[in-house]
Amino acid sequence: MISPIEVKKLTETLFEEVVACRRYLHQHPELSFQEYETARYIESFLMERGIKSEGRLAENGIVYLIKGLRPGSKVVALRADIDALPIQEQNDVSYKSKHDGIMHACGHDVHTSSLLGAALVIDRLKTKFGGIVKLIFQPAEERLPGGASIMIKEGVLQNPAPTSIFGQHVHPPLESGKIGVKPGIYMASADELFVTVRGRGGHAALPQDCIDPIVTASNIILSLQQIVSRRANPTTPTVLSFGKINSQGGATNVIPAEVRLEGTFRTMDEQWRSQAHELMVEMAEQIARSAGASCEFKIKKGYPYLQNDLELTTRFRSHAEEFLGAENVVDLPIRMTAEDFAYYSQEIPACFYRLGTGNLEKGITSPIHTPTFDVDEEALKVGVGLLAWVAFKELQD
Ligand code: NI
């Protein structure tokens, strides 16, 4: 039996190494689908410590199998995403990003270094467990179609097939030392909407000679909100937001010929998601037609909703309480953001939890995806230890 103290001690001895690793990754961020150096770094980090990869998937994705020496047939997967964001870092720290305009502003450096640390802990304790731990370093979480969907297509959930998968994500609103969890539906599906309304431009003083795409687009924006307020089941969280309106030309005295809108549609039910897509297109086209305009409505389907398996997440919660103390395991509400870990959750029992990385006293409070985002590195102890602990617990059951 592996004890929490054993895992914590090992994690403690590896702490400096893991911090150095996180800082290296933070200084050398790479955008989605371009994580070449990051992938090489992961491979050489583990190779130097005697852990050999099973090879690449999705170009920069890497898979490892750490086999326990005791009998056991379970396979538990642990996943970390490795890509960064197109943001210019504004933190004044020694480990500031060296890549202009690119930053680990979503904490994937923390996810990656935590999994590297967990790999070392698991490898050192492999005489004490049975079964297999599958480590998945995954590229391109931040960009469609998402590295997870590609790795799944290329077979990451086969040979051997994991019985469950865990992933973690940094969470600045939660103090470091704590983690947060939500069983059941947790994060939303996210689809991108691109709407082009075409009318007939002309002098703004002579609207009778024009077909005004601005008024038509305005009607479309307002009416589409009824999909959320009148058509969605109130028990199914649904969000529709437009974040961009542009006219092609136009001025105070010119009605343009065309207006383009961009937005996002998010929900947590696959059937409703497809139905809502049809309703939005139909409504927009009808409104355009009634004004004599035309409407082209394109939907770029993004990640599905993320479902935390009830049984697995309940077990995870008790493993986490045993490791961290019940006071450090917090219940979280659902979130309307999206995450490509959702793809795994559509395939096998999955659990995606939040790692507290904030620290009010140290002034570490900036949200993810901002130029001043940072983490309290003490959180890496939980990031490493809990991943390893959960794998051990699941393999022992
Ligand atoms: Ni992220």
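**Briefing: nickel site and salt bridges**

At 28% relative accessibility, Lys126 counts as partly exposed, a class that lies between buried (under 20% relative accessible area) and exposed (over 50%), calculated with a 1.4 Å probe on protein chains only. This is a predicted model, in which local features need pLDDT of at least 70 and side-chain atom pairs count only at pLDDT 80 or more, while totals for chains, interfaces and linings use all residues. Residues are numbered from 1 along each chain as its sequence is written, and side-chain values use heavy atoms, with hydrogens and water left out.

**Nickel site**

- Three residues supply the protein donors of the nickel ion: Cys106 through SG, His108 through NE2 and His169 through NE2, at 2.2 to 2.3 Å from the ion.
- A donor here is an N, O or S atom within 2.8 Å of the metal (3.2 Å for Na, K and Ca); water is not among the atoms, so sites may look incomplete.
- The spacing of these donor residues in sequence is C-x1-H-x60-H.
- Cys106 lies in the loop between β3 (70-81) and α3 (108-124), and His169 lies in strand β5 (residues 164-175), so this pair ties together parts that are 63 residues apart in sequence.
- Helices (H or I, at least four residues) and strands (E, at least two) are DSSP runs, numbered from the N terminus.
- Cys106 and His169 are buried.

**Salt bridges: overview**

- Side chains of opposite charge can pair when their charged atoms come close.
- A salt bridge is counted when a side-chain nitrogen of Lys or Arg is within 4 Å of a carboxyl oxygen of Asp or Glu.
- The count by this rule is 27 salt bridges.

- Arg22 and Asp109 form a salt bridge through their side chains, at 3.0 Å from N to O.
- Arg22 is in helix α1 (residues 4-27) and Asp109 is in helix α3, so the pair ties together parts that are 87 residues apart in sequence.
- Arg22 and Asp109 are both buried.
- A network of salt bridges links Arg22, Arg23, Asp109, Asp374 and Glu377.

**Other salt bridges**

- Lys126 pairs with Asp123 in a salt bridge, at 3.1 Å from N to O.
- Asp123 has 19% relative accessibility and therefore counts as buried.
- Arg198 and Glu296 form a salt bridge whose closest N and O atoms are 3.3 Å apart.
- This pair links distant parts of the chain, with Glu296 in strand β13 (residues 294-300) and Arg198 in strand β8 (residues 189-198), 98 residues apart.
- Glu296 is partly exposed, at a relative accessible area of 31%, and Arg198 counts as partly exposed at 34% relative accessibility.
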